Amino acid sequence: MKTFLVLCSCLFFSSAVQSQILNIDKTDTSAYDRHSKINLLLNSGLEIDKQRTTLYDASNAVETLWQDYKELFILAGSYRFTYNGPADILNAGYIHLRYRHGYKNKLQPEPFIQYQWDSESGIIHRLLAGANLRYNLLKGNSFDFNAGLGLMFESEKWNYVAVDSLKIPAGASTITTR
C-alpha cells in the first residue's frame, strides 16, 4: 500500500516538476573490488557524402570510468560536427565529470560539473555544476534502477546565430543567463 501511495503521489506531482537527464550510467551490479580499475569506451563515426560540395558528418564520444574500491569517477564527452563545404551546419559537444562515493549503497552523493556548446544554435557555452543524492530503488543481478534529487547551477552565454535577423533587437549583443 505504501508503494502504491508513493507511486500515485509521484504521478500527481510530476506535472509540476522539471528535470533533465544529464548522462546515463553504465550498469555495475558486481560487488566492490579492492583493486582499482579503469574502463574506457570510445565511439567514433565519420560519413562523407559528395553532393554539390562535400558533406562531412562526424560523431565522437568517450566515457571513462575509474573505480577505486567505493569511489567512482566518470568522465564523459561528446563532439559532433557537420560541414557542408565552407558552411558549418552542426558543431556541438559536451564534457561531463562526476564523482560518486559508495556508489553501490542505497544512498549515494553525486557532485558533477558539465561544460557544453552548440555554436550553430547559438550556445557559445553552457556550464552546469551541482550535486545529487541518488537512491537505489531496485538492484538485480544485471540491472539497477535509481532515482535522484539534486541542486544545479547553470550559466549560459548565447549569441543570435540561429535567430532571424529581422527579429534581433537594435543594439543587441550576446546574452548571458545565470
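Guide: We shall discuss aromatic rings, a surface patch and a pair of strands.

Guide: This is a predicted model, in which local features need pLDDT of at least 70, side-chain atom pairs count only at pLDDT 80 or more, and totals for chains, interfaces and linings use all residues. Residues are numbered from 1 along each chain as its sequence is written, and side-chain values use heavy atoms, with hydrogens and water left out.

Visitor: How many aromatic pairs does the structure hold?

Guide: Rings of Phe, Tyr and Trp (its six-membered ring) pair if their centres lie within 6.5 Å; planes under 30 degrees apart are called stacked, over 60 edge-to-face, and the rest tilted. Here there are six aromatic pairs. One of them joins Tyr79 and Phe81, a tilted pair with 5.6 Å from centre to centre and 40° between the planes. Tyr79 also pairs with Trp117: the centres are 6.1 Å apart and the planes stand at 35°, so this pair is tilted. It links distant parts of the chain, with Tyr79 in strand E3 (residues 71-84) and Trp117 in strand E5 (residues 107-118), 38 residues apart. Strands (E, at least two residues) and helices (H or I, at least four) are DSSP runs, numbered from the N terminus. Ring pairs link Tyr79, Phe81, Tyr83, Tyr115 and Trp117 into a cluster.

Visitor: Is Phe81 buried or exposed?

Guide: Buried means under 20% relative accessible area, exposed over 50%, and partly exposed in between (1.4 Å probe, protein chains only). Phe81 is buried, at 17%. Tyr79, at 27%, is partly exposed, and Trp117 is partly exposed at 25%.

Visitor: Which residues make the nonpolar surface patch?

Guide: A patch is made of residues with over 30% relative accessible area and no salt bridge, where like charges are joined within 9 Å and nonpolar side chains (Val, Leu, Ile, Met, Phe, Trp, Tyr) within 5 Å. A salt bridge is a side-chain nitrogen of Lys or Arg within 4 Å of a carboxyl oxygen of Asp or Glu. Accessible areas come from the Shrake-Rupley method with a 1.4 Å probe; for residues, only the protein chains shown count as cover. In this model, Leu107, Leu133, Tyr135, Leu137, Leu138, Phe143 and Phe145 make a nonpolar patch of about 670 Å². Strand E6 (residues 123-139) gives the largest share, four residues. Leu138 lies in strand E6 and is partly exposed, at 49%.

Visitor: How do E1 and strand E2 pair?

Guide: Two strands pair if DSSP finds at least two bridges between them. E1 and strand E2 (residues 54-68) pair in the antiparallel sense over 14 bridges, and a hairpin of three residues joins them.
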